[in-house]
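Subject: A structure for you to explore

Hello,

Here is the structure I promised to pass on to you. Have a look at it first, and then read on for what turned up in it.

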Amino acid sequence: MTVAKTSNISPLDPTAAAAFYRQIYDRFRGAIASGVLKPGDRLPSARALTKELGLARGTIEAAYSLLAAEGYIQARGQAGTIVMPGLKPRTPVANAVPSPNRGIAVVSFRPESILPFQMGLPALDVFPRKIWARLGAQCGRAMQPADMVHPSVYGLPVLRAEIAAYLQVSRGINCLPSQIFVTSGYRHTMALIVHALLKPGDRVWVENPGFPPTRELLGHMQMAAVAVPVDREGMVIAEGLKSAPRARAAVVTPAHQSPLCVSLALPRRLALLDWAARTNAWVIEDDYDGEYRYVSRPLPALKSLDRDGRVLYAGTFSKVLFPGLRLAYLVVPESEVERFEQISQAFAGGSPELTQAIVAAFITEGHFARHIQRMRKLYAERRDATAAGLQSVLGKQVQIDSQPGGMHLILRLQGRRSDRRLVARMREAGLYGEALTDWAMEGEGDSALLLNFTNIDSQDTAATLGRRISRLI
């Protein structure tokens, strides 16, 4: 019996629209139809394929289940999985698909993968899954019929109360549970704010470089994003005042500017708040990973300085727990609670109550605070180890920025190298990276790689991956 090798299957494309399980399904089905895999040939085990492709086992099993359901393969228990004996498949008619531009990577800011250096992922290998499973079972057993109806579009009351208590202690934000709205992520948070407070044609300050989905969302809502440059002290407020003094809002990442990781200096924080108070503008504070600062205690939130009710604070559980939760939250000024309740009733669907209950229990029992403390220590170690490992291999080709916090490194490419083309080659080779120029709003900007370090477990691992990058440069 022949054992199929993954080298016979074309590589997965992290930039494709199709989910990974669907790509795996398509590749095996194509290999069977073309005769590369013959009836009786044995497929790699789900465990082996999981390890080789760096994907979750459930992704592989989903692809195999679909192949089995359509009669292409047959599971034989401990004997493994084989191509269905006697199968005489017809070669499917190929659809005309335009060939992708392999020179430049198509950017996705929510990839369905786990790849080395993948941005936005916390350290999934050390998440307390046993505690999470216990709390999940506990919340499931306690569920009553009243918990099975439509969830509150504002968020589970106990979770809103826990978030309010946490923010007061950790971020210096004094708020009531009624001011907190639980959302399904940053885009949902932004959509609520836009619907509640802004209108088509409004001008909004955004950081340059800055998180591209913010500009994309504003564009879809028919608003004008005004690029405000960022330097070592964060957004240059004076430039915003020159470009659009009557803008209706500003979107900022004061704790760790996204993606440069610099902190917004206190004089600029005060200048921003003064502008908002004078012009009745809104400041949207995206505090996506403010807990992770390694040179000192985390900085207080901009919202903690707000005395005029002009700051809307956006937080998330994606970076501190895991993105699969799809839970985030928004703190609104007390004067705007009623308006946001109306908008939530119209546009929000509510997040699953069971998921919210597990997160609330995780916070109540103290696991949340302990997890953040452990991750802060671990990330400081992994940041240093990753930087050292990459520096030892790529020292002549890149310059690694030193940042006080955050979850990624910035590798500035030396010479006239294109970060976009390098990122495209990395993704074809099974590595993840983002190009700094994709985050710039006007012009090309500096050429640099953005690489997450939270899932790099040692300096040796970083050096090994660095050698792969070196061969691609």
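In which sense do E12 and E14 pair, and over how many bridges? The two strands pair in the antiparallel sense, and five bridges connect them. Before we go further, please keep in mind that this is a predicted model.

**The sheet**

E12 and E14 belong to an open sheet of four strands, and its order is E11-E12-E14-E13. The pairing in this sheet is antiparallel. At the edges you will find strand E11 (398-400) and strand E13 (434-435), each of which pairs on one side only. Resting on the sheet is helix H13 (residues 419-428), which touches E12, E13 and strand E14 (448-452). The direction of H13 makes about 40° with that of E14.

You can follow the pairing strand by strand. E11 is joined by three bridges to strand E12 (residues 408-413), and the two run antiparallel. One place to look is Gln399, whose bridge partner in E12 is Arg412. Moving on, Ile410 stands opposite Leu450 in E14. E13 and E14 also run antiparallel, with two bridges between them, and here Ala435 stands opposite Leu449 in E14.

Is E14 enclosed or open to the outside? Five of its five residues are buried, so E14 is largely enclosed by the rest of the structure. Ala448, Leu450 and Asn452 point one way from the strand, while Leu449 and Leu451 point the other way, and all of them are buried.

**A helix beside it**

Next, find helix H14 (residues 459-472). Its 14 residues reach 20 Å from the first C-alpha to the last, close to the 20 Å expected at 1.5 Å a residue. Which residues of H14 are buried? They are Ala462, Ala463, Leu465, Gly466 and Ile469. What do the buried residues of H14 pack against? Their neighbours are H12, H13 and E14.

**The aromatic rings**

The structure holds 16 aromatic pairs. One of them is made by Phe181 and Phe340: the ring centres are 6.0 Å apart and the planes are at 45°, so the pair is tilted. This pair links distant parts of the chain, since Phe181 lies in strand E3 (residues 180-183) and Phe340 in helix H10 (residues 337-347), 159 residues apart. Phe181 counts as buried because its relative accessibility is 1%, and Phe340 counts as buried because its value is 0%.

How do the rings of Phe317 and Phe368 meet, and why is the pair described in that way? Their centres are 5.8 Å apart and their planes are at 70°, so this pair is edge-to-face. Distant parts of the chain are linked here too: Phe317 sits in the loop between strand E9 (311-316) and strand E10 (328-331), Phe368 sits in helix H12 (residues 367-394), and 51 residues separate them. Both Phe317 and Phe368 are buried.

There is also a cluster to look for, in which ring pairs link Phe127, Trp132, Phe322 and Phe362.

**Charges over rings**

Finally, two arginines are worth a look. The charged end of Arg160 sits over the ring of Phe181, 5.4 Å from the ring centre. The charged end of Arg310 sits over the ring of Trp282, 3.8 Å from the centre of that ring.

How values were computed. Residues numbered from 1 in each chain as written. Predicted model: local features only at pLDDT ≥ 70, side-chain atom pairs only at ≥ 80, totals over all residues. Heavy atoms only, no water. Pairing = 2+ DSSP bridges. Contact = heavy atoms within 4.5 Å. Axes fitted to C-alpha atoms, helices over the stretch in contact; angles between N-to-C directions. Phe/Tyr/Trp six-rings, centres within 6.5 Å; stacked < 30°, edge-to-face > 60°. Buried < 20%, exposed > 50% of the residue type's maximum accessible area, 1.4 Å probe, protein only. Lys NZ or Arg CZ within 6 Å of the ring centre and 35° of its normal. Expected span 1.5 Å × (residues − 1).
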